[in-house]
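Q: I have a structure open here and would like to go through it bit by bit. Can you take my questions as they come?

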Amino acid sequence: MFSAADHQFMARALQLARRGLFDTTPNPRVGCVLVRGGHILGEGYTQPAGRNHAEIQALADARASHADLRGATAYVSLEPCNHHGRTPPCTAALIEAGVARVVAAVEDPNPQVSGQGLARLRAAGITTACGLMQSEALELNIGFVARMTRGTPWLRLKVAASLDGKTALTNGKSQWITGPEARRDAHAWRARSCAILTGVGTVKDDNPSLTVREVATTRQPLRVVVDSRLETPLDARVLEGGNALLCAAVADAEKIAALRDRGVDVVVLPNPQGKVDLPGMLAELARRGINDVLAEAGFRLNGSLLREGCVDELLIYQAPILLGEAARGMFDLAELTDLAGRRQLDIFDMRRVGGDLRLRARLK
């Protein structure tokens, strides 16, 4: 169904899509290549929200060199949109340009599109095909797909640990377990996330800012603090400059007013145990357009996220050091008395980052 040339040009479209890794949110990362006679006429990738989609960028690129687009093939890493959002539908622009064929890597999971874009193109006489390099395209937008299909973002739980699985000393000190290369790599994961999640315990122990600093980015993720009793100090670094959300379990009007005076948003989401409803919090983040969440928390919140089925992926940096039995572990989980209760993981990526080891694993 797909030729070697089709694979070549879709691979290029996916390469372009990765250029938007840090700044397309809440939109997906999409690349587009316009080809005729084996020659690329134009290329583009999705710009920050409210600006051009990949197809419009590619069309503008082609027209800048006065290319004739009639009879061309458009390779797009996600089905072209067919609805008016902040920008007009891309299907109309492709039809107007006179392209003859559109190859999409995957259908758009957005219910507003979901096959309708390809259907409109076919109705206009354009040949369409879908499914080329689908797994790569889905992986690139795994958070967007999660938000659209299940109503919650994709949550990666990042942990920096010693070789014996410890994340902090008993006094809470944890800076720095891993080396500078691992920390820089972790900042790249921050940059590609829509939100960074932590707990009030980490705020008190480490006073982190949770901003992207080690890599260049035009956007800072939303900072989210799980704080059941609203104990986050008003001078905490995580609150500086706003762009922060506190998720609480109590509706303390005075504390909420003080936080909002600092430009911090507060949402009250109690569960029956008087803690923050973590699945409800993820649903709330999805409603706010959050696709990917990077959790950087302590072992207690890490354990709660795992127990409540909130974690999709583990991002673990292990340093070649030993901290001893008394130090804090990665996850606060109940003791097992039978191995049948163990949690199964699929390690799908393992590599050296500086002097440390990085593991990526997903829960089976």
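Q: Let's start with Ser-193. Which residues is Ser-193 in contact with, leaving aside its neighbours within four places in sequence?
A: Ser-193 is in contact with Arg-219, Pro-221, Asp-292 and Leu-294, once those neighbours are left aside. Keep in mind that this is a predicted model.

Q: Where is Ser-193 found?
A: Ser-193 sits in the loop between α7 and β8.

Q: And is Ser-193 buried or exposed?
A: Ser-193 counts as buried, because its relative accessibility is 1% and buried means under 20%.

Q: You mentioned α7. What does helix α7 lie across?
A: Helix α7, residues 180-192, lies across β6, β8, β12, β13, β15 and β16. The helix runs at about 165° to β13.

Q: What order do the strands of that sheet come in?
A: The order is β11-β10-β9-β8-β12-β6-β13-β16-β15. That makes nine strands in an open sheet, with mixed pairing.

Q: Which are the edge strands?
A: They are β11 (265-268) and β15 (345-353), and each of these pairs on one side only. On average, neighbouring strands of this sheet are turned by 20° against each other, direction ignored.

Q: What holds strands together in a sheet, in general?
A: Strands pair through backbone hydrogen bonds, and the pairing is either parallel or antiparallel.

Q: So in which sense do β15 and β16 pair?
A: They pair in the antiparallel sense, over eight bridges. Strand β16 covers residues 356-363. Asp-349 stands opposite Arg-360 in β16.

Q: Staying with β15, is Arg-352 buried or exposed?
A: Arg-352, whose place is in strand β15, is exposed, because its relative accessible area is 61% and the cut-off for exposed is over 50%. The C-alpha atoms of Arg-352 and Phe-331 are separated by 23 Å, and the two residues are 21 apart along the chain.

Q: What about the β11 end, which strands does helix α9 lie across?
A: Helix α9, residues 253-261, lies across β10 (244-248) and β11. Its direction is at about 150° to β11.

Q: New topic: the five strands in the other open sheet. What is their order?
A: It goes β2-β1-β3-β4-β5, again with mixed pairing. The edge strands are β2 and β5 (127-130), each pairing on one side only. The twist averages 15° from one strand to the next.

Q: How many bridges are there between β4 and β5?
A: There are four, and the two strands pair in the parallel sense. The bridge partner of Val-102 in β5 is Thr-128. Helix α4 packs on the sheet and touches β4 and β5, with its direction making about 155° with that of β5.

Q: And how do β1 and β2 run?
A: Antiparallel, with six bridges joining β1 (residues 31-36) to β2 (residues 39-45). Cys-32 has Gly-44 as its bridge partner in β2.

Q: How many residues lie between the strands in that hairpin?
A: Two residues lie between β1 and β2, and in this hairpin Gly-37 takes a positive phi near 60°.

Q: Which residues other than glycine have a positive phi?
A: Ser-114 is one of them, with phi near 30°. Asn-207 also has a positive phi, of about 50°.

Q: Where do those two sit?
A: Ser-114 lies in the loop between β4 (101-104) and α4 (116-123). Asn-207 is in the loop between α8 (200-206) and β9 (222-226). Ser-114 counts as partly exposed because its relative accessible area is 39%. Asn-207 is partly exposed too, because its value is 25%.

Q: Which kind of peptide bond runs from Thr-25 to Pro-26, cis or trans?
A: That peptide bond is cis, with omega near 5°. Pro-26 is in the loop between α1 (4-17) and β1.

Q: Last topic: cavities. How many are there of 30 Å³ or more?
A: The count comes to one. The volume of the largest cavity is about 70 Å³. It is lined by 17 residues, and the closest to its centre are Thr-24, Asn-27, Arg-29, Asn-291 and Asp-292.

Q: What classes of residue make up the lining of the largest cavity?
A: The lining has six nonpolar, six polar and five charged residues. Helix α6 (residues 142-150) gives the largest share of that lining, three residues.

Notes. Residues are numbered from 1 along each chain as its sequence is written. This is a predicted model: local features need pLDDT of at least 70, side-chain atom pairs count only at pLDDT 80 or more; totals for chains, interfaces and linings use all residues. Side-chain values use heavy atoms; hydrogens and water are left out. On a 1 Å grid over the protein atoms alone, a cavity is a set of points where a 1.4 Å probe fits but cannot get out, and a pocket is an open set with protein on both sides within 12 Å along at least five of seven lines; lining residues have an atom within 4 Å of a point. Grid points are joined across faces, edges and corners, and a volume is the space filled by probe spheres set on the points. Ala, Val, Leu, Ile, Met, Phe, Trp, Tyr, Cys and Pro count as nonpolar, Asp, Glu, Lys and Arg as charged, and the others, Gly among them, as polar. Two strands pair if DSSP finds at least two bridges between them. Axes are lines fitted to C-alpha atoms, for helices over the stretch in contact, and angles run from 0 to 180 degrees between N-to-C directions. Contact means heavy atoms within 4.5 Å. Buried means under 20% relative accessible area, exposed over 50%, partly exposed in between (1.4 Å probe, protein chains only).
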